[in-house]
Amino acid sequence: MAVGTMLLNNRSFVEVTGPPVTLTLHNASAKDALMSLARLGGYGFVYVGDKKSDDGGSISDSNSGGFGQPVTMSFRNERFDRALNSVLLASGMQGKLDGRTIMVGNAVAAKSFGPQMSKVFRLNQIKPSEAADYLGNLGAQISATVTETQTQRESQSTGGNTDLVNTTENRKEASRTLIETYGASTGPLLGLTGTTDSRLDTITLVGDPKLIAIAQAYLKQLDLRRRQVAVKVQILSINLENDKSIDASFSARMGNTFVVSQRGNAHLNFGRYKPGNLDGSGVYDSQAGNYGQPGTYRGQVPKVPAQTVVGPYVTDQRVVNPPQVPEEYPVPAEDGGTEWEITRDEKGQPIYTTSTNPAAPPSLVPIYDKNGRPVYVPSTDPAASQTLKTVYDKKGRPVLVSGQDPLKYQQPDNSFYAYVDALITSRSAKILAQPTLLVQEDQKASVQTTESYITGVSKTVLENGSEEFANERADAGLVLGLQVSKVDDNGFITMELKPSISVPVPAGEQEGVQIFNINSRELDSGEIRLRDGQSLILTGVITDQDIQTVRKWPILGDMPLLGQLFRSSDRNRFKTELVIIVTPSIINDQQGGTYGYGYRPGTSDARQLMQSGG
């Protein structure tokens, strides 16, 4: 708790001096008693009335002989000031000393023969209206401008027929500006008047210099800076994933029978030429275009020309001199020109003729047998390799044999292959955001980490028959709102936290668009108190899933030990937890210039400039 103390003089006590007083009064007039005491002490006496009668005279109490209540008291050698103030207290009147004159009346605090002070205060933190209300509660008279708006309504009916009547209503608004004055009837600031200016955030006070000084002391305590808090927020998304997968697969061939177990799925294939994996359960297809694709099989395997390994052999050739070239004949071309094609005999071999070029070198011409086939002879090149020679029948036609597809897998006879695959995957935490928010007392702040998701699709058919689609969206993620209510002088911070967490859940498709449902959770912590630098941890589980999947052969997969070869098991455990760590720290902004009340420039030149007034 912070305490501000000011010593205030008793304004109802009139400080006067004079000789000791011995006095006895019984239902005497307060006016006569005060006038007698004033003459005794050598002071003047003035009565200040505040109520007037209809004829302009003062309203007097007939029982008191002039004003106030009758007084009854007795003194013997009492101090002069105590005797005078006792009469004022008993009569219910106020007194004030101005020079050597004692003024008495119902409200003399604002009355004075001397000059008054006017001072303008520009406020930095508190609003002028709030400061004016505070000073008004202490007795100051605050004037405020109020605008009143009056609305007048006039109705007028037209039409001669009673069944058809038109009613017209006219509204007129009139505004007027009033000056209202408010303030408490008692308090240390009685006699002080003031007004405010919201544009410049100022309050103007007029009154006795002593009252102005008291009001200034109050304003200094009110116009203090609000404390600021730097709130560090750490948002952690903890994904605890434990995926465990154990797969046993094997393939075996016994004769022309294949048995394949892949991840608990059984495949049985019969035939010599089948792959030993999941593609072995492919469809039978007689279309030539699908031949060679994994998982498809043709009814007929295309045949290819038979070849034998020979060699190294080369085609037999003979030297012809003069040189010969293939005979050509002209053929009309598509563009209207002439093209030349080679002349061939009845067996399809080129017909050679003597070249007309005298500079042409001797040429090599291939040698063919009687059936038009090339004649091969052993190669004389020691570096030559063996070659593939096409096999022909007696009539010179290529011999065709069944083709083999190198893309197909053929497992060796009576073989068995087994595979065991085990996988364990785990994940840890990730920081989503780490902002630092600067918040003043009684202020709010928020941080938001969200993503927009489509929650629905609406379709509208237009007049021309076309369709218009509109997506409805909602944000999903984390929204953290906080409010700092109070920062006390002991280093404690009172704040309120409101985290809201929303998670998108797939909800299928609508109009061909994936849509989501938004599951949200909210927490209102209420007001909590933390020490400067202390951390608060908020945690909560968003999702927790444990899914187990088992694929197995019927009966065989349930066998102990050996059944693992015919079974595949997966376990997916997924747990998402959100952790929010909040750490507030009070910012010390007391250092620096004390701008405002009591400000003094730091340099001599600036001080001289302020003293000179320009």
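A: We begin with the term helix: helices are DSSP runs of H or I of at least four residues, numbered from the N terminus. The model before us is predicted. In it, helix 3 is followed by Gly139, whose phi is positive, near 110°.

Q: Which residues of helix 3 (residues 128-137) are buried?

A: A residue is called buried when its relative accessible area is under 20%. In helix 3, the buried residues are Pro128, Ala131, Ala132, Leu135 and Gly136. Because these buried residues fall within an arc of 135° when seen down the axis of helix 3, they line one face of the helix.

Q: Where is Ser502 found, and is Ser502 buried or exposed?

A: Ser502 belongs to strand 33, which covers residues 492-510. Its relative accessibility is 13%, so Ser502 counts as buried.

Q: With which residues is Ser502 in contact, leaving aside its neighbours within four places in sequence?

A: The contacts of Ser502, with those neighbours set aside, are Asp475, Ala476, Gly477, Ile518, Asn519 and Ser520.

Q: How many salt bridges does the count come to?

A: Side chains of opposite charge can pair when their charged atoms come close. The rule asks for a side-chain nitrogen of Lys or Arg within 4 Å of a carboxyl oxygen of Asp or Glu. By this rule, the count is seven salt bridges.

Q: Which residue forms a salt bridge with Asp489, and where do the two partners lie?

A: The partner of Asp489 is Arg227, and their closest N and O atoms are 2.1 Å apart. This pair links distant parts of the chain, 262 residues apart. Asp489 lies in the loop between strand 32 (467-487) and strand 33, whereas Arg227 lies in the loop between helix 4 (209-222) and strand 11 (228-254). Asp489 is partly exposed, at a relative accessible area of 42%, and Arg227 also counts as partly exposed, at 30% relative accessibility.

Q: What is the N to O distance in the salt bridge of Arg82 and Glu78?

A: The side chains of Arg82 and Glu78 meet at 3.3 Å, N to O. Arg82 has 44% relative accessibility and so counts as partly exposed. Glu78 is partly exposed, with a relative accessible area of 25%.

Q: How far apart are the closest N and O atoms of Lys459 and Glu467?

A: In this salt bridge, the closest N and O atoms are 3.9 Å apart. Lys459 counts as partly exposed at 41% relative accessibility, and Glu467 counts as partly exposed at 44%.

Technical notes:
Residues numbered from 1 in each chain as written. Predicted model: local features only at pLDDT ≥ 70, side-chain atom pairs only at ≥ 80, totals over all residues. Heavy atoms only, no water. Helix = DSSP H or I, 4+ residues; strand = E, 2+ residues; numbered from the N terminus. Buried < 20%, exposed > 50% of the residue type's maximum accessible area, 1.4 Å probe, protein only. Contact = heavy atoms within 4.5 Å. Arc of directions from axis to C-beta.
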